[in-house]
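Dear colleague,

Please find below the structure that I am handing over to you. I would be grateful if you could look through it before reading the notes that come after it.

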Amino acid sequence: MKKTFSIIGILVGVALIIIGIATMGGGLGGNTSHGFTNALNHDNGYTSFGAAFYTYVNNNAAEISENTSQIAWNTDDIGDFLKNFFGIISICFGMITICGFGIVYSGCPKKEKTNVFPTEQL
């Protein structure tokens with residue numbers, strides 16, 4: 001029974017490694033997307049609301065669009081980092097699992113009792 005559970009544990013470890021590789025390769029999730037804006041040259045300085053009102057509003061809208069695009073790029077970078085981080089963690093955990101259940105499968109943890117203080121004298 002112990003050998004059967006050890007083999008199952010080793011197979012789970014192999015599956016974790018495969019999942020980690022697939023995660024890092026992008027096979028388990030889509031890529032995050034980001035926006036694109038045309039960089040406009042604008043100034044949000046003082047204005048009197050007359051004919052310049054619409055230019056002022058359009059410049060502010062362009063700046064908001066640029067800032068939103070930068071937030072999307074930052075979110076994309078964070079998503080890439082997390083994808084790689086959890087892929088590496090999954091691979092490491094899979095390797096540790098394989099090693100642990102491999103030791104149990106091979107029977108290495110069995111210890112024989114040794115008499116440290118012999119009671120018989122030669």
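The following paragraphs set out what was found, beginning with the whole chain and then turning to single residues.

Please bear in mind throughout that this is a predicted model. The protein has 122 residues, of which 14% are buried. Its secondary structure consists of 2 helices and 0 strands. Helix α1 covers residues 2-25, and helix α2 covers residues 53-106. Among contacts in the protein with a separation of 6 or more, 79% are between residues 24 or more positions apart. The accessible surface amounts to about 9,800 Å², and carbon and sulfur atoms account for 66% of that area.

Ser6 is located in helix α1. Its relative accessible area is 2%, below the 20% limit, and it is therefore classed as buried. Setting aside neighbours within four places in sequence, Ser6 is in contact with Phe101, Val104 and Tyr105.

Ile17 also belongs to helix α1. Beyond the residues up to four places away in sequence, Ile17 touches Ser90, Ile91, Gly94, Met95 and Ile98. The C-alpha atom of Ile17 is separated by 7.9 Å from that of Phe93, although these two residues are 76 residues apart along the chain.

Thr23 is a further member of helix α1. With a relative accessibility of 18%, which is under 20%, Thr23 counts as buried. Its side chain reaches the backbone oxygen of Ile19 at 2.7 Å. When residues up to four places away in sequence are not counted, Thr23 touches Leu28, Lys83 and Gly87.

I turn next to the surface. A nonpolar patch of about 600 Å² is found there, made by Ile78, Phe81, Leu82, Phe85, Phe86 and Ile89. One of these residues, Phe85, lies in helix α2. Is Phe85 buried, partly exposed or exposed? Its relative accessibility is 38%, and because this value falls between the limits of 20% and 50%, Phe85 counts as partly exposed.

With kind regards

How values were computed: Residues numbered from 1 in each chain as written. Predicted model: local features only at pLDDT ≥ 70, side-chain atom pairs only at ≥ 80, totals over all residues. Heavy atoms only, no water. Patch = residues over 30% accessible without salt bridge, like charges linked within 9 Å, V, L, I, M, F, W, Y side chains within 5 Å. Areas by Shrake-Rupley, 256 points an atom, 1.4 Å probe, with all protein chains shown as cover. Salt bridge = Lys/Arg side-chain N within 4 Å of Asp/Glu carboxyl O. Helix = DSSP H or I, 4+ residues; strand = E, 2+ residues; numbered from the N terminus. Buried < 20%, exposed > 50% of the residue type's maximum accessible area, 1.4 Å probe, protein only. Contact = heavy atoms within 4.5 Å. Polar contact = N/O pair within 3.5 Å; in protein donor to acceptor, adjacent residues only side chain to side chain.
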